[in-house]
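Work through the exercises below with the model open. Each task is followed by its solution.

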Amino acid sequence: MSSTTRDKIIQAAEELMLTRGYPATRVDEICEAAGVSKGSFYHFFPTKEDLGLAVLEAFAGRNDQLIAGGPQGAVADPVERALTLVDHITEIAGELWGRGCLLGNFALDLGDTNPRIHQAVSNLFRKVAHALAGGMDPLTSSDGVAAASSGQDLAEHFIIVVEGALILAKAHNDWSYVVRALDRFRRDIRRPVRQST
């Protein structure tokens with residue numbers, strides 16, 4: 001058995017959990033989709049919960065890499081770098097959340113019933129907010145964003161915008177909710193920043 005088998009299980013589980021949700025996704029279905037036996041599954045994941053935690057980590061880690069790989073790292077000016085970060089995330093939103101957000105889905109599906117996954121989701125949302133806060137902090141110190149007192153506040157607001165838009169997009173089967181929400185966020189932060197320069 002190899003790490004490739006483990007990766008196949010995680011990939012199959014992620015696809016199914018994004019489509020059906022964690023509670024409705026059965027181990028048998030994951031094994032079938034991954035082309036592995038139940039023995040292989042339990043070799044890597046003693047429980048479905050352990051798999052759920054691994055899927056969360058993989059999803060968040062991949063999105064972190066996609067965001068970090070943007071052009072913002074090459075921008076010298078801190079305010080322009082922050083704006084470029086927001087632009088980059090907006091441009092790759094489909095790749096990040098086009099099938100949904102596992103963190104948001106797991107929070108809604110399992111927040112009250114699974115303490116381990118609940119804690120993992122909470123920790124990952126905090127990690128995302130912390131990572132974004134550093135990049136967005138220059139916007140709040142440039143007389144640019146009156147609604148946010150810190151990069152952390154702005155990052156948390158951004159997460160709220162994204163997760164709310166994803167819920168509406170799913171409810172209406174209409175990705176344009178995400179596009180409009182991100183465009184509005186961009187306009188809201190760019191307008192005052194430009195006025196202050």
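**Exercise 1.** Classify the orientation of H8 and H9 in this predicted model.

Solution. 
- Start with the geometry: helix H8 (residues 115-140) and helix H9 (residues 151-172) pack at an angle of about 120 degrees, and their axes lie 6 Å apart.
- Apply the cut-offs: 65 to 115 degrees is roughly perpendicular, and over 145 is roughly antiparallel.
- H8 and H9 are therefore oblique to each other.
- List the contact: H8 contributes Phe125, Val128, Ala129, His130, Leu132, Ala133, Met136, Asp137, Leu139 and Thr140. Residues from H9 include Leu154, Phe158, Ile159 and Glu163.
- Sort by class: the contact of H8 with H9 holds 11 nonpolar, 4 polar and 3 charged residues.

**Exercise 2.** Classify the orientation of H4 and H8.

Solution. 
- Helix H4 (residues 48-68) packs with H8 at an angle of about 10 degrees, with axes 10 Å apart.
- Angles under 35 degrees count as roughly parallel, so H4 is roughly parallel to H8.
- H4 brings Glu49, Asp50, Leu53, Leu56, Glu57, Ala60 and Asp64 to the contact. Among the H8 residues are Arg116, Ile117, Val121 and Lys127.
- The contact of H4 with H8 divides into 8 nonpolar, no polar and 6 charged residues.

**Exercise 3.** Find the residues with the most contacts inside the largest nonpolar core, then trace what Phe106 touches.

Solution. 
- The largest nonpolar core has 61 residues.
- Leu51, Leu56, Trp97, Phe106 and Phe158 have the most contacts inside it.
- Leave out residues up to four places away in sequence: Phe106 then touches Met17, Tyr22, Gly52, Leu56, Gly111, Ile117 and Val121.

Technical notes
Residues are numbered from 1 along each chain as its sequence is written. This is a predicted model: local features need pLDDT of at least 70, side-chain atom pairs count only at pLDDT 80 or more; totals for chains, interfaces and linings use all residues. Side-chain values use heavy atoms; hydrogens and water are left out. Axes are lines fitted to C-alpha atoms, for helices over the stretch in contact, and angles run from 0 to 180 degrees between N-to-C directions. Helices (H or I, at least four residues) and strands (E, at least two) are DSSP runs, numbered from the N terminus. Contact means heavy atoms within 4.5 Å. Ala, Val, Leu, Ile, Met, Phe, Trp, Tyr, Cys and Pro count as nonpolar, Asp, Glu, Lys and Arg as charged, and the others, Gly among them, as polar. A nonpolar core is a set of buried Ala, Val, Leu, Ile, Met, Phe, Trp, Tyr and Cys residues joined through side-chain atoms within 4.5 Å. Buried means under 20% relative accessible area, exposed over 50%, partly exposed in between (1.4 Å probe, protein chains only).
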